[in-house]
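Biologist: Could you take me through this model slowly, and set each word you use against its definition?

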Amino acid sequence: MQTQPYPRRGIVGALAAAVLAGAVAVVAQVATSGSTPAAAAAAEPYSWKNVRIDGGGFVPGIVFNPTEKNLIYARTDIGGAYRWNEAGQSWTPLLDWVGENNWGYNGVDSIATDPVQTNRVYAAVGMYTNSWDPNNGAILRSTNKGDTWQVSPLPFKLGGNMPGRGMGERLAIDPNRNGTLYLGAPNGNGLWRSTDFGATWAKVTSFPNAGNYSDDPADANGYSSHQPGVVWVTFDKRTGAAGATTQAIYVGVADKENTVYRSTDGGTTWARIAGQPTGYMAHKGVFDPVGGFLYIATSDTAGPYTGGKGDVWKYATATGTWTQISPVPSTTATFGYSGLTIDRQNPNTLMVATQISWWPDVIFFRSTDGGATWTRIWDWGSYPNRTFRYTMDISSVPWLTFGGNPQLPEVTPKLGWMTESLEIDPHNSDRFMYGTGATIYGSTDLTKWDTPGAQFTIRPMIKGLEETAVLDLVSPPTGPPLVSALGDLGGFRHNNLDQVPAMMFRQPGFFSGTSVDYAGLNPSVMVRAGNFNDADRPNDSHVAFSTDGGANWFQGTEPGGINEGGNAAAGADGNRFLWAPRNSAVVFSVGFGNTWTPSQGLPQNATVEADRVNPLKFYGYNAGQFYVSTDGGATFTASAATGLPASSAKFKVVSGQEGDIWLAGSNGLFHSTNSGATFTRLANVTSANSVGLGKAAPGQTYPALFIYGTVDGVTGVYRSDNAGAGWVRINDDQHQYGNAGYTVEGDPRVYGRVYLGTNGRGILYADRLGGPTTPTATASPTGGTSPTASASPTAGASPTASASPTGGTSPTTSASPTGSPSASPSGGQAGGCQATYKITGSWPGGFQGEVTVLNNGTTPATAWTVTWTFPGGQTVSSLWGGRHTQAGANVTVRNESWNGSLRPNTTATFGFVGAGQGVTPAAVGCARG
């Protein structure tokens, strides 16, 4: 990862183009609340929540309601819309009902909150205006602050993830006659209006300019040639009265010569405002009805990644005069301007952000005299030092440093980048928020800026908003419950699903993680692959290894010519690895990537996996053909199996059973028990995007099976406890997450738990509601060895906490977890509650334990607490099935929300991994609620 963070994009690939209907003037109303339910497999209730990362993507819009305090909305480019929860200081997602058929609705191009009837909110949605999104855009409208929605389709596309998405807001509500809304449209579609609260829309044919700018008109794929078009609408509320149409309306257009238009007759006629600046485009337009001023911030490109020149202007409606008020004028600036806001409590106070200043950081400017003079959020001292009017506290999201250690004048964390939304709370001059390419930051003591020598504090205000694109997930049988490969952030090791990790993977820090895997018999050994930003990392390898369950990583070498990570697989014993870099030959390594040898018989861009039992067996899939290697990846033989998906497919290999494979593709779900020699297609699954395996159901021995796919005509997340013979749907129409299911994974330690990867809504995890209590965690499989590092990394890799192996030789080993108890159980009993503690595995320096809580009373328990004292300095490294604290040697574990209720004579179990020697405590206490 660069010390200068780079912008993110959605990872949705190109899709088939849709045939668009001819232009129409009025759009008919269509009422819906997500997808129409259909008859399907049985359903089972689940609780869904995000694995916490907090942010991870671009927030191009933050909108405060002007009349109701604490009513705030945020829009993302690929992850939907959110509403602020003041009590929890967090964001609530509003578009999780968006499903596979309308996934583009998670690209939110604009949002508007009603100043009159504040329960009303609107969103203009659609992700791409080129062929990548097959659907047209739509206006979503809600009368309960986004809890439910109705949909008005549009006859054109919107581009929530296209160039210019930080300009705006292009959707606006008349503050006097709130049933009237305007929408600025892209790509020549002009200005649109609704007079019935957004239900139907008609083009404003009198509006003269649809906008002619694009970043690159010659771009063949239609992305950079996108025209942002009409980009913002704002009103002079003084020119109307309650219930009557506002007469003065201002509109911004992506046209460098004609960027601001006005109507003085309620939108009947329009004219270019005379004397306006030229040469740049107005990214933002903000109106001050107290002073009668229109402020605009301009830049020379659509953004959000670029912008090298621009100015800030003030238009006096009383005199018709324009005044340039740029903090740094375009004649000397190396940036444009975008984020623009007014303090509605003190309208002469305004702020503006650079568009864009990558180095050394973004700059915010603040004026308290209407733009006559400005102060900077940071100033140059004696170079390379800077002085700051702010401090930053990122303790809630520590990874926002990106692990950087930059040289002055750069510092970490940065103020941000792509700061196109900068908003002062209209009800509180001390609070402001701004969006970046990775998070939302804000402050609650902003006015300290105006006191010489004082500093205000900026913190992440992002909790609940998750916007990562997930490319791979694994849940190993020991160690952390989840390890991820993510677009734009590389990936994380989650020791606790409900806590933000301290840092994404570093050394190496891939710009995007593309693959992660663990060794089936030795899960502490892992491999991951990924991409760097561009060709500026020529000496870095696109593959990395860990011998401690993903806590520390080291790089291997790589053959020449590799530019992308592709996917990688770890052999069952952790001594061999197979790697399929994208657009390069598949290679294998004995040892940890010090040397690589081309595999024979497996084509480029194959999907690869390892057998979980046989260390010499690997599998590959490409274009309808399945391949098998029995010599450690050296050679592959094509299987005779036919009827498999003709294009891409994903497959998983069952732990503990050699040659047991599940393959998901566009034409169904396939199962092989003979290493891919033959496959059987399941008749009850029409298609499957991905497949995962989890802990077997109580009383069963075969793993629970999870798919994101279509069963009985309904697409969703499904679980089977009987090897696919029957299915239950475990999500519902309100939990579809748009473009989800690129990866799905079960948890081998918690029956029923599923992890779902999305493109823009982060990682979701779900647990059963009302089902059996969580079974015990499983111990590590036996038969493997845990490599210990014995030498420094090669090929320029940064040293990690454990050094990497040398040469091409196999690493030295230490004993793996035994998988059987190593001490007699210890029981604690009090007040109708008994806790049984046992050690289920141990290895040098660590151990695994489990505790079973029994309600042996005669009445139901509503909660439980288990306590013990470690005898020899042991510590709990990670724990699942409970919430733990440790003070010195004393450990306290309380139930999770889903396993605290115990009927008489029923149990709950939690497991944990500990550091130190696996010795059983002398006594274990148990208390119930």
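The talk below goes through a sheet, a pocket, a glycine and a strand pair.

Modeller: This is a predicted model, in which local features need pLDDT of at least 70 and side-chain atom pairs count only at pLDDT 80 or more, while totals for chains, interfaces and linings use all residues. Residues are numbered from 1 along each chain as its sequence is written, and side-chain values use heavy atoms, with hydrogens and water left out.

Biologist: What makes Gly164 buried or exposed?

Modeller: Buried means under 20% relative accessible area, exposed over 50%, and partly exposed in between, with a 1.4 Å probe and protein chains only. Gly164 has a relative accessible area of 1%, so Gly164 is buried. Gly164 lies in the loop between strand E10 (150-153) and E11, where a strand is a DSSP run of E of at least two residues, numbered from the N terminus.

Biologist: Which residues is Gly164 in contact with, leaving aside its neighbours within four places in sequence?

Modeller: They are Pro228, Ala302, Gly303 and Pro304, contact being heavy atoms within 4.5 Å. The C-alpha atoms of Gly164 and Thr301 are separated by 8.2 Å, although these residues are 137 places apart along the chain.

Biologist: Why do strands E19 and E22 stand at the edges?

Modeller: Two strands pair if DSSP finds at least two bridges between them. The open sheet has the order E19-E20-E21-E22, with antiparallel pairing. E19 (281-288) and E22 (321-324) each have a single partner strand, so one side of each is left without a neighbour in the sheet.

Biologist: How do you know that E20 and E21 are joined?

Modeller: Five bridges join E20 (residues 293-299) to E21 (residues 312-316), and the definition asks for at least two, so they count as a pair. Within E21, Trp313 stands opposite Ile296.

Biologist: What makes strand E57 mostly covered?

Modeller: Of the seven residues in E57 (residues 740-746), six are buried. E57 runs antiparallel to strand E58 (residues 754-758), and five bridges join them; Leu756 in E58 is the bridge partner of Val744.

Biologist: What classes of residue line the second largest pocket?

Modeller: A pocket is an open set of points on a 1 Å grid with protein on both sides within 12 Å along at least five of seven lines, and lining residues have an atom within 4 Å of a point. The lining has 22 nonpolar, eight polar and five charged residues. Among its 35 residues, Val63, Phe64, Pro66, Thr234 and Arg344 lie nearest the centre; Asp, Glu, Lys and Arg count as charged, Ala, Val, Leu, Ile, Met, Phe, Trp, Tyr, Cys and Pro as nonpolar, and the others, Gly among them, as polar.

Technical notes
Helices (H or I, at least four residues) and strands (E, at least two) are DSSP runs, numbered from the N terminus. On a 1 Å grid over the protein atoms alone, a cavity is a set of points where a 1.4 Å probe fits but cannot get out, and a pocket is an open set with protein on both sides within 12 Å along at least five of seven lines; lining residues have an atom within 4 Å of a point.
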